Amino acid sequence: MKIVKMLMPQMGESILECTVLTLLKQVGDRVETDDSIMEVATDKVDTEVPSRYTGIIREWLVKVDDVVAIGGEVALIETDGEEAEEEQPPVEDIARQLEGELETVSAAYTGNRLPAAAGTEGNNGFYSPLVLSIAREEDIPLEELPNIPGTGAESRITKKDILGYLANRGKDMPETVERFSVQEATGEVEIIAMDRMRKMIAQRMVSSKQISPHVTSFVETDMTNMVKWRDRVKQAFMDKTGHGLTFTPLLVEAVVKALKDFPLINVSVEGEHILVKKAINVGIAVSLPSGNLIVPVIHRADQYDLAGLALKVNDLVKRARHNKLTGDDLVNGTYTISNIGTFGNIMGTPIILQPQVAIMAFGAIQKKPAVIETPSGDFVGIRHKMFISHSYDHRVVDGALGGMFVKRVSDYLEQFDVNTAL
């Protein structure tokens, strides 16, 4: 037997700390490798943390509402054998980044401890860096924090408490409503405050435009063979797997093939260097019930067959819309697609998700009259047509490469084998 210290794992790019929401196991409980043992909140997602070991939990080194740095100690686990190796803490630069993040928070609020307001003494006037960060981004004044009821240990305010407070803030405090109307010369105007995710999206979109000179190329694609094939097999796929078959996995497959043909699209830029990515990790833009957007990633997308891609896409979309994505689901994308056709849009000019250098949008599939060429002559027929929009970073992707890439994706879609099996 050996006692090992389990460390807080990486939660994704730019995640430096997390808040403990729930301990799912008790001292003395037996756990297997990959069993979920705790739930934590980051500034991106709430997620469960799996055990790195098989054994028995001998001691928790954290408690609910604790803010834990990535690489921090969370539990002592008595493993079944001597072979378990101690985890290594993250490199020192992560700690320095964390220090910088905490300094940023403290610049907005000096210290984590504030005077408790009347009736809220139970929270001890303590607020975690995560709560302070949310308050700062949502412009909650310092003196307003003690008014938020806390449900955490010793009545401390948790992430869920402050987000719930924000959702009802306008109802309870008329002087700080987040949604109100004003009168202008042109009539009444409703003002709606951005939520945290919308602020983050806005910041990243502006940043992307500042970083990358965007160029967009368009191609119209004949999707007739693919439409007919999907209509023929989608019920059988549903009967076999219990999942629907959308066009998205078919689009991902075509993009993956084209990325193999044009590896200089699957890159990022670092200073004056181009980093060619060996892994093909395709992000798919998913609209959320809130109206916001999130981009989960299919890692190693080239290693899935078509059926596997369909199941993976459905899984990511479902978990995205139910707030069940993990930090790992959102990182290391190398290329992104957006199926804007689901909204009835025929084409668009998508904005690149940094540090990638290109993004593709697929428009609505529409029936159109088209000239069909045959060995015996041309004729006009009804075909299923779709526009593809490809935005790319003109610093490293010239018009020829960007145009050839989108045309190659179109070729793969048009040449889809109607005898493809799932």
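Predicted model: local features only at pLDDT ≥ 70, side-chain atom pairs only at ≥ 80, totals over all residues.
Reader: OK, aromatic rings then. How many aromatic pairs are there?
Author: The count is three aromatic pairs. Rings of Phe, Tyr and Trp (its six-membered ring) pair if their centres lie within 6.5 Å; planes under 30 degrees apart are stacked, over 60 edge-to-face, and the rest tilted. Trp229 and Phe416 form an edge-to-face pair, 4.9 Å centre to centre with 65 degrees between the planes.

Reader: Where do Trp229 and Phe416 sit in the chain?
Author: In distant parts of it: Trp229 is in helix α6 (residues 224-241), while Phe416 is in the segment after α9 (399-414), 187 residues apart. Those labels come from DSSP runs numbered from the N terminus, with helices being H or I of at least four residues and strands E of at least two.

Reader: Are Trp229 and Phe416 buried or exposed?
Author: Both Trp229 and Phe416 are buried. Buried means under 20% relative accessible area, exposed means over 50%, and partly exposed is in between (1.4 Å probe, protein chains only).

Reader: Which residues do ring pairs link into a cluster?
Author: Phe262, Tyr335 and Phe405 are linked that way.

Reader: And what lies over the face of Phe247?
Author: Arg230 does, at 4.6 Å from the ring centre. The rule is that NZ of Lys or CZ of Arg must be within 6 Å of the ring centre and within 35 degrees of the ring normal.

Reader: Switching to helices. Which residues of α3 are buried?
Author: In helix α3 (residues 159-167) they are Lys159, Asp161, Ile162, Tyr165 and Leu166. They cover an arc of only 165 degrees around the axis, so they're on the same side of α3. That arc is taken from the directions from the helix axis to the C-beta atoms.

Reader: What's on the other side of α3?
Author: Lys160 and Ala167 are there, and they're exposed.

Reader: How do α6 and α8 pack?
Author: Their angle is about 70 degrees and their axes are 13 Å apart. That makes α6 roughly perpendicular to α8, and their crossing is right-handed. The axes are lines fitted to C-alpha atoms, for helices over the stretch in contact, and angles run from 0 to 180 degrees between N-to-C directions. Under 35 degrees is roughly parallel, over 145 roughly antiparallel, 65 to 115 roughly perpendicular, and the rest oblique. A crossing is right-handed if the near helix is turned clockwise from the far one by less than a right angle, and left-handed if anticlockwise.

Reader: What about α7 and α8?
Author: Helix α7 (residues 248-261) packs with α8 at about 120 degrees, with axes 8 Å apart. That makes α7 oblique to α8, and the crossing is right-handed.

Reader: And α7 with α9?
Author: Here the angle is about 130 degrees and the axes are 9 Å apart. So α7 and α9 are oblique to each other, with a right-handed crossing.

Reader: Now the backbone. Where's the cis peptide bond?
Author: It joins Gln354 and Pro355, with omega about 5 degrees. Pro355 is in the loop between β18 (335-338) and β19 (358-362). Most residues other than glycine have a negative phi, and most peptide bonds are trans.

Reader: What's the phi of Asp65?
Author: Asp65 has a positive phi of about 80 degrees, although it isn't a glycine. Asp65 is in the loop between β6 (55-60) and β7 (67-69), and counts as buried at 7% relative accessibility.

Reader: And what about the phi of Asn332?
Author: Also positive, near 65 degrees, in a residue other than glycine. Asn332 is in the loop between α8 (306-321) and β18, and is partly exposed with a relative accessible area of 43%.

Reader: Last one: how far apart in space are Thr22 and Glu39?
Author: They're 5.0 Å apart, C-alpha to C-alpha, and 17 residues apart in sequence. Thr22 is in strand β2 (residues 17-23) and is partly exposed, at 31% relative accessibility.

Technical notes. Residues numbered from 1 in each chain as written. Heavy atoms only, no water.
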